[in-house]
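Trainee: I am new to this structure, and I would like a close look at its salt bridges. Could you walk me through them and then show me where they sit beside the rest of the fold?

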Amino acid sequence: MNIYFKSVPFSKNDVTLALESGVDGVIVPSGSVESVASLSRIPAIAEEDMPSMAIASKADEEAIRDTLNAGRKAVLARGWEIIPVENLLAQCDNVIAEAASLEEAVLASGILQRGVQGIVVLPEAIGQLKDIITACRTSREHESLDVAEIVRIEPAGLGHRVCVDTMSMMKRGQGMLVGNSSAFTFLVHAETEHNEYVASRPFRVNAGAVHAYIRLPGDRTTYLAEVSAGTEMLVVDNEGRTTVATAGRVKVEVRPMLLIEAKVGGKLGSVFLQNAETIRLTAPDGTPVSVVALKSGDKVLCRLDEAGRHFGMRIKEDIQEK
């Protein structure tokens, strides 16, 4: 989701704060575009290039729909209601709405469980801008997690494992979803825990073998081998709440590995993780569980899905993964 700040009439102080807060663009009067563009690489957009359009009738809704589907920009003016926005989201992929408070922004970001593509924050909400960015841009879809029972842990020889160092600090209970199959992924815990030999690395998830799938934002997956600096990573906690963290560095190294298998009902899944104390799965209460202490019968969090991905996107196809 993109977050824009609208500074009309123009305020240099507000624009400076918006740029420092991490907005994706600022909307300003056309006469201020050049001066704002010199302050940052963040886009400065003339207000006439992203015009506000009010929805007061069905005809207004249809006019906005036609504008968006023709590839032109339009912003839903403040005062929009949920049903017209739902109608537009069902027909358009590029809906952007104005918001003058945190509550309005959060509402827009959650309509139809996917929200609008972008939010234009109005000047009266400048004091809440950082909270709006945190709530709307980093908060994503909720993941449905299951409690799985460990059924097998055994050494698996050497393998290339992938360590994902992000630009964010994770907390206890948070990690990333990784597995040998996209249909059964494990919540691999971030390295938030101290021990007497190694300091915590709360920005890191030691995620597993290069061939494994890792779940990304937007219902996508990729192979761990394809993650690189700048990749947006999906961070999930033990309640299924999600945020996004950007990979700052990825380390691929040869390490001794473990094969871990677990089951949910009659469904079996597996993952290869480094054989080291600092690598942990996640218990249902959010407690990190070291793989070296893991035993059959232990309960960990996993995510079940249907098999079938093509370049990380969900497809309907007869696929078996073993």
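**A close look at the salt bridges**

Mentor: The term salt bridge is used here for a side-chain nitrogen of Lys or Arg within 4 Å of a carboxyl oxygen of Asp or Glu. As a general point, side chains of opposite charge can pair when their charged atoms come close. Asp298 has a relative accessibility of 16%, so it counts as buried; buried means under 20% relative accessible area, exposed means over 50%, and partly exposed lies in between, using a 1.4 Å probe and protein chains only.

Before we go on, please keep in mind that this is a predicted model, where local features need pLDDT of at least 70 and side-chain atom pairs count only at pLDDT 80 or more, while totals for chains, interfaces and linings use all residues. Residues are numbered from 1 along each chain as its sequence is written, and side-chain values use heavy atoms, with hydrogens and water left out.

Now for the next pair. Glu154 meets Arg152 in a salt bridge, with 3.0 Å between the closest N and O atoms. Glu154 is partly exposed at 32% relative accessibility, and Arg152 is partly exposed too, at 29%.

Glu253 and Arg255 join their side chains in a salt bridge of 3.5 Å, N to O. Here Glu253 is partly exposed at 23%, and Arg255 is partly exposed at 29%.

Salt bridges can also link up: Glu143, Arg215, Asp219, Arg303 and Asp305 are connected in a network of them. By the rule above, the count comes to 18 salt bridges.

Now to the fold itself. An open sheet is formed by 7 strands in the order β3-β2-β1-β7-β6-β5-β4, with parallel pairing. β3 (44-46) and β4 (52-53) stand at the edges with a single partner strand each, so one side of each has no neighbour in the sheet. Helices (H or I, at least four residues) and strands (E, at least two) are DSSP runs numbered from the N terminus, and two strands pair if DSSP finds at least two bridges between them.

Within that sheet, β1 (residues 2-6) pairs with β2 (residues 25-28) in the parallel sense over 3 bridges, and Lys6 stands opposite Ile27 in β2. In the loop between β1 and α1 (12-21) you will find Pro9, and the peptide bond from Val8 to Pro9 is cis, with omega near 5°.
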